[in-house]
Amino acid sequence: MRKKSKQVEESAGERLLSADKVDAILAGAMQEFLANGYAATTMDKVTAAAGVSKTTVYSYFQDKEGLFTALIERLAQQKYLAVFNPEPGFLEGEPEIVLRRLAKNILDNTNCSQELLGLVRLIIAESGRFPSLAQVFVRNVDKPALEVISQYFAAHSELQLPDPEVAARIFKGTLIHFTIIQYMLHGADILPMEGDRLIDNLVKLMTSNKLDIHGDKYSGTRHKSPRRKRTPGGKFQADYGSESKKLRSIRLTDTAWAKLDELAQENNLTRSEMIELFARQGFGDTKESGT
């Protein structure tokens, strides 16, 4: 038993040592690639930067392309988890809240990582001579991110987005374009824009046609029609369906919807909850309701 236990300990120690060596090699590779570019970086330079032997480097990575691929895969995995899975239930909740949270995470984790920005610059610069390297980046960074966002949009039919894949590209592309202009092309002074302003309007764009869908907890409107038809005399035609009489009496105009959003945020409620509150208690005692 003691011999077996010792073997297990030695095996665990070897794995830990191997992980440390891989980390050192990838760190050295990142340093050299960013400093010299892909073409000018050699395995000898990586070996020296990592502080390991050439035999060790080749025992883990066959060649420079394999090393660069591993570097992208490692960085992609770290950024993917940081953006899309930082905590349980990250993609759960009202779409307005989830999309704002996701957009902020994408900007924060992209703009705060000088290594990632430098790597993107390098890949773009080298993509003409080494297209396979650019494809590695797209396959490991862009593709998984777009798939998650597309799946989210597809699962939330109440957003009424006709093509979830296109919507995902618009959503992510807007944020990446902002990053490129502001932080990679040094255009912040030429095209100034606050990140929060961009996110707020992007989320509004993606949720502008959202239907008001209630769960069993609320008995208010099932949905809000984007625009009601008028009679020849100019009056609105009724389209309230099964709404209660009281809810019909507080049917809101487009301008009032914006005000309702503000009230909902002030009271830490959803817009649908505010409608239900008005329907049950009236307009005068909302602030005293404990919200």
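Predicted model: local features only at pLDDT ≥ 70, side-chain atom pairs only at ≥ 80, totals over all residues.
**Confidence**

The protein has a mean pLDDT of 80, and 74% of its residues reach 70 or more. Confidence is highest in helix α9 (residues 195–207), with a mean of 97, and lowest in helix α10 (residues 245–249), where the mean is 45. Residues 6–16 have a pLDDT below 50, and this stretch makes zero contacts in the model beyond near neighbours in sequence. Residues 215–226 also stay under 50 in pLDDT. For residues 215–226, however, the model has 30 contacts beyond four places in sequence.

**Packing of helix α5**

Two packed helices are described by the angle between their axes and the distance between the axes. The table gives these values for helix α5 (residues 95–111) with two partners.

| Helix pair | Angle between axes | Axis distance |
|---|---|---|
| α5 and α9 | roughly 140 degrees | within 9 Å |
| α5 and α8 | about 35 degrees | 10 Å |

With axes that cross at roughly 140 degrees, α5 is therefore oblique to α9. The crossing of these two helices, α5 and α9, is right-handed. On the α5 side, the residues that meet α9 are Pro95, Glu96, Leu99, Arg100, Ala103, Lys104 and Leu107. Their counterparts in α9 are Gly195, Ile199, Asp200, Val203, Met206 and Thr207. By class, the contact of α5 with α9 comprises seven nonpolar, two polar and four charged residues.

The crossing of α5 and α8 is right-handed. From α5, the contact involves Leu99, Leu102, Ala103, Ile106, Leu107, Thr110 and Asn111. From α8, the residues are Phe171, Leu175, Phe178, Thr179 and Tyr183. The contact of α5 with α8 holds nine nonpolar and three polar residues, and no charged ones.

**Gln182**

Helix α8 also contains Gln182. This residue, Gln182, has a relative accessibility of 12% and so counts as buried, the cut-off being under 20%. Leaving aside neighbours within four places in sequence, Gln182 is in contact with Gly187, Ala188, Leu191 and Met193. Of these, Met193 is 11 residues from Gln182 in sequence, and their C-alpha atoms are 8.4 Å apart in space.

Conventions
Residues numbered from 1 in each chain as written. Heavy atoms only, no water. pLDDT = per-residue confidence, 0-100. Helix = DSSP H or I, 4+ residues; strand = E, 2+ residues; numbered from the N terminus. Contact = heavy atoms within 4.5 Å. Axes fitted to C-alpha atoms, helices over the stretch in contact; angles between N-to-C directions. Parallel < 35°, antiparallel > 145°, perpendicular 65-115°, else oblique. Left-handed = near helix turned anticlockwise from the far one by under 90°. Nonpolar A, V, L, I, M, F, W, Y, C, P; charged D, E, K, R; others polar. Buried < 20%, exposed > 50% of the residue type's maximum accessible area, 1.4 Å probe, protein only.
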